[in-house]
Amino acid sequence: MNPIDALPEFHADRLRAFLAVVRAKGFSRGARALGQSQSSVSQAVLGLERELGEPLFVRDGRTIHLTEAGAVLQRHAERAFAELAAARIELGRRKELRAGFLSLGASDTLATYFLPPLLMAFRAKHPQIELRLHNRPSPAVAARVASRRLDLGMISLPLPDRLRLGGRVPSDVLRLTVLAEQREVVICAPGHALAKRKRIDIAELVRHPLILLDATTSTRSFLEAQFRAGEHEPKVVMETSSVEVAKRFVGLDFGVSVIPAMAVAREVAQRELVSLALSVAAPAREVALITSTLGPLSHATRAFLTIAQSALPAAASRARGSP
């Protein structure tokens, strides 16, 4: 048997009555302080004494004194009520978003190029909430949100078809809010043969040496689906988990790559790289915030969702129950 199970079951109302008697130095005065009858207070203390199997007070006429057991109980009961009062205060602060934390996950690309303005807006409104950012590929973020190891995640959709989260498909455990479309582009060096092109399709892309993001990324999952659909065999000369590494080697003309357009806007504007539209038959990709359907959302999580949707009014944000 668990030793804790053998302890007396202290009831809060009995402990409260006991402390009122101690502080008022009498049963009648303690009852008045609580707004109760002296009989009910006496019964509460008697119930405590029965639970403990020993007296808590020495009664000498109208005077009472704590026994040794009573003094021990007083010390711990006051500490317990103080802790409960502190818990009530802290819970109130968290509800009012004056304390607490928000843990969120995002891929390097989304954390670098999409998430910062949302975090800035959240921090401006709720500066006392601690932010904990975890950088992982979208499938890994989805798994952590589904298991409630993260409060929310920012991911690229669609998630891989093969992805299962704790034995379930994503739609069972994830609730998502779409924020914006995400467009992949082909990038090449300014001196590359494709640099003067505006658009390229998958069939032609696979004839060029490719520097691709690795299999942990949603961009690679998206491309692999396109390759399979057209029965193409790509010429992959390099794999990397980093968009920045891919851009660097594309700039050195090691090959061409496919990355989210948001991640290359600066280099294209400065003519360090060239981007081409990628023609695909697949539906548009999307950036979404995800939360777990298992249990309630924290106050900080709900506040972030509200800010994210209002900060991107042109994105026509919408909520969906599943990816």
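Entry 1: I began with Phe122 and skipped its neighbours within four places in sequence; what remains in contact with Phe122 is Leu102, Ile129, Leu131, Ala300, Ala303, Phe304 and Ile307. A reminder to myself: this is a predicted model.

**Entry 2: the cores.** Next I asked which residues have the most contacts inside the largest nonpolar core. They are Leu102, Phe114, Phe122, Met154, Leu289 and Phe304, in a core of 25 residues. I then listed the elements that give two or more residues to this core: strand E3, helices H5 (108-113) and H6 (116-125), strands E5, E6 and E13, and helix H13 (299-311). H13 supplies the largest share, six residues. I also found a second, separate core, with 19 residues; Ala17, Val45, Ile64 and Ala69 are among them. As background, nonpolar side chains tend to be buried together in soluble globular proteins.

**Entry 3: Val45.** I picked Val45 from that second core and located it in helix H3. Is Val45 buried or exposed? Its relative accessibility is 0%, so Val45 counts as buried. Beyond four places in sequence, I found Val45 in contact with Phe18, Val21, Phe27, Leu56, Phe57 and Arg59. I also noted the pair Val45 and Arg14: 31 residues separate them in sequence, while their C-alpha atoms are 6.2 Å apart in space.

**Entry 4: H1 against H3.** Two packed helices are described by the angle between their axes and the distance between the axes, and I looked up both. The axes of H1 (residues 12-24) and H3 (residues 38-52) come within 8 Å and cross at roughly 110°. Angles of 65 to 115 degrees count as roughly perpendicular, so H1 is roughly perpendicular to H3. The crossing in which H1 passes H3 is left-handed. From H1, the contact is made by Arg14, Leu15, Ala17, Phe18 and Val21; H3 brings Val41, Ala44, Val45, Gly47, Leu48 and Glu51.

**Entry 5: one side of H7.** Which residues of helix H7 (residues 138-146) are buried? I wrote down Ser138, Pro139, Val141, Ala142, Val145 and Ala146. Their arc around the axis is only 160°, so they sit on the same side of H7. An α-helix has 3.6 residues a turn, so residues three or four places apart point the same way. I then checked what these buried residues pack against: strands E3 (101-106), E5 (152-157), E6 (174-182) and E13 (285-292), plus helices H8 (170-173) and H10 (218-229).

Entry 6: Most residues other than glycine have a negative phi, and most peptide bonds are trans, and I went looking for exceptions. Arg148, which follows H7, has a positive phi near 65°. Lys25, in the loop between H1 and helix H2 (27-34), has a positive phi near 60°. Lys25 is exposed, with a relative accessible area of 60%. Asp253 also has a positive phi, near 65°, and lies in the loop between helix H11 (243-251) and strand E11 (257-260). At 42% relative accessibility, I logged Asp253 as partly exposed. Finally, the peptide bond joining Leu157 and Pro158 is cis, with omega at about 0°; Pro158 has its place in the loop between E5 and H8.

Definitions and conventions:
Residues numbered from 1 in each chain as written. Predicted model: local features only at pLDDT ≥ 70, side-chain atom pairs only at ≥ 80, totals over all residues. Heavy atoms only, no water. Buried < 20%, exposed > 50% of the residue type's maximum accessible area, 1.4 Å probe, protein only. Helix = DSSP H or I, 4+ residues; strand = E, 2+ residues; numbered from the N terminus. Arc of directions from axis to C-beta. Contact = heavy atoms within 4.5 Å. Core = buried A, V, L, I, M, F, W, Y, C linked by side-chain atoms within 4.5 Å. Axes fitted to C-alpha atoms, helices over the stretch in contact; angles between N-to-C directions. Parallel < 35°, antiparallel > 145°, perpendicular 65-115°, else oblique. Left-handed = near helix turned anticlockwise from the far one by under 90°.
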